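We will go from stop to stop, and at each one you will get something to select and something to look for.

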Amino acid sequence: MPLLATHNLDAYYGDFQALFGIETYLEEGETVAIIGANGAGKSTFLKSICGLLKVSNDCVVYAGHPIGGLRATSIVRQGIAMIPEGRRLFPSLTVEENLLIGRYGRNVAGPWTLETIFALFPILKERRSTPSTALSGGQQQMVAIGRALISNPRVLLCDEISLGLAPIVIRDIYQALQKIRETGTSVILVEQDIVRAMQTADRVYCFQEGRLSLSGKPNELTRERIQSAYFGT
Amino acid sequence: MLSWVDTILQGALLGGLYALFAAGLSLIFGIMRLVNLAHGDLIVLAAFAILSAMTALGVGPVLAFLIAAPILFCIGYALQHFVLNRTLGRGVLPPLLVTFGLSIILQNALLEGFSADSRRLSAGTIETASLALLNDLAIGLMPLLTFASAVAVILALNLLFYRTAVGRAFRATSDDSEIAQLMGIDNRRIYSLAMGVAMVVVAIAALYLGIRANFDPTIGPARLLYAFEAVIIGGLGSFWGTLVGGIIIGLAQTIGAKINPEWQILAGHIAFFIVLVIHPRGLFPRAID
């Protein structure tokens, strides 16, 4: 039984339907990438899982229990943490406070504590007392990652963690992600950068206009098939 | 010369009372951007609650406050939980309309329950006690106690906000309530807690209001106005700013009254106006809109 699965998942913004019958699964310890063009429904998919978007109950199954449509607060408590697109740090909180707030709803023992997160991103320890707004984009992304990790989630949802960052910073972020995977955390990675997604993930799903257009292991997928699933040509 | 020192001293101490009126409003405004138009009436409600405890149990005002404060905390929590939470997230108008309605309901319910008679909380000889600073200069013990309480309340709110996990949750919810939910913070519960805390602060304000002056069911809206001006002068989200705002209004009122007794209230409003013209976001804005 997979750790997390979606069955025939539909999602709506008011009357507008953004996702159509999405079937996906995520095994324990696995990393799955979601790729697709802008507006394909990748972020909507993550929002449906983490509870920011209401979906029907049995569409999302986590550890054997339906969690679709539960409140975000109750989903994070069960061990699904989200790194939101655009980082969205709390500007009134310092770096350390931004990290600590991540375990407000779920404070469980595990590999991730303030110390291990500082070990993963040493620069954050130096800057722990500065307001989060004073950091560079890459450092802010590190805080956003740490804030999600500190709840020791079983599933980590990453929404465009490389967006707007310099290539060298992206490399650091992905090295950190590798270390996070080694602790056994399952990861769903939404990524614009297809090459990066293929290098990192065990399996890839491609979305196109709210529908699943392709899925498979990176080495089984040809460039042509991805291109057609991505652009619909 | 000495009479001016006296005026300024009295004005600053009066500012402490206004800061107490304003602290609860500042807390609510800062966390959920809710302008509580019933804030003044809630102060009057709290004053009547303390009065009721005094008459029913035959205790002094301080003990009555200690009995009333937890009850008022629960009333605030319930008010937010059952009523005000439903108005949030639908634009600025619903909370304004609902709290405006609440203000009218409170005034009339208090009128029905307690009549239009002026009441006060009798505190005995401490009301008229004073400290002599110089030969011709003395300050009242009650105004001094009021000011000290205002400073203590602001200090306590700052500690709560900046030194505790709940305070972190308050600030995070104020910054971005959607992401706060991803941290497991139930924003509705945070709002209800904040309203409960605000009602305790309101009870402290009511205690000093009732000992200092007469109150009746209709005086709420004027207290709201002073409180609101103090919050805006201080800047959104800054408790110390709210204290400064209260002092500025207190000073303006006593100085105005010194020049001409008719100018007392007007001078406070003019001071508010001048600060707004120079610093539209207040003197110490902290929260991000």
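**A crossing in chain B**

Start with α2(B) and α9(B): the former passes the latter in a right-handed crossing. Keep in mind as you look around that this is a predicted model. Select residues 39-57 of chain B for helix α2 and residues 220-234 of chain B for helix α9; the two pack at an angle of about 120 degrees, with their axes 6 Å apart. That angle makes α2(B) oblique to α9(B).

Now show the side chains where they meet. On the α2(B) side, pick His39(B), Gly40(B), Asp41(B), Ile43(B) and Val44(B); facing them in α9(B) are Gly220(B), Pro221(B), Ala222(B), Arg223(B), Leu224(B) and Ala227(B).

Next, select residues 2-32 of chain B, helix α1, together with residues 141-163 of chain B, helix α5. Here the packing angle is about 35 degrees and the axes are 8 Å apart. α1(B) passes α5(B) in a left-handed crossing. Among the α1(B) residues in this contact are Leu13(B), Leu17(B) and Leu20(B), and the α5(B) residues include Phe147(B), Val153(B) and Ile154(B). By class, the contact of α1(B) with α5(B) holds 14 nonpolar, 4 polar and no charged residues.

**Into the core**

Which residues have the most contacts inside the largest nonpolar core? Select Leu157(A), Ala46(B), Ile50(B), Ala194(B), Val202(B) and Ala203(B) to see them; the core itself has 162 residues. Helix α8 of chain B, residues 187-212, gives the most to this core, with 19 residues.

Zoom in on Leu157(A). Leaving aside residues up to four places away in sequence, Leu157(A) touches Leu46(A), Ile49(A), Cys50(A), Ile80(A), Ala81(A), Met82(A), Ile83(A) and Ile188(A).

**Where the chains meet**

Show both chains and look at their contact, which takes 20 residues from chain A and 18 residues from chain B. On the chain A side, α2 (72-77) and α3 (95-100) each supply at least two residues. α2(A) gives the most to that side, with 4 residues. The chain A side divides into 12 nonpolar, 4 polar and 4 charged residues.

**Last stop: a cysteine**

Finally, select Cys74(B), in helix α3 (residues 61-83) of chain B. Is Cys74(B) buried or exposed? Cys74(B) counts as exposed, because it has 11 C-beta neighbours inside 10 Å. To finish, draw a C-alpha to C-alpha distance from Cys74(B) to Ser192(B): they are 118 residues apart in sequence and 9.3 Å apart in space.

Technical notes
Residues numbered from 1 in each chain as written. Chains lettered and ligands numbered in written order. Predicted model: local features only at pLDDT ≥ 70, side-chain atom pairs only at ≥ 80, totals over all residues. Axes fitted to C-alpha atoms, helices over the stretch in contact; angles between N-to-C directions. Parallel < 35°, antiparallel > 145°, perpendicular 65-115°, else oblique. Left-handed = near helix turned anticlockwise from the far one by under 90°. Contact = placed C-beta atoms within 7 Å. Nonpolar A, V, L, I, M, F, W, Y, C, P; charged D, E, K, R; others polar. Core = buried A, V, L, I, M, F, W, Y, C linked by C-beta atoms within 7 Å. Buried ≥ 20, exposed ≤ 12 C-beta atoms within 10 Å, placed from the backbone.
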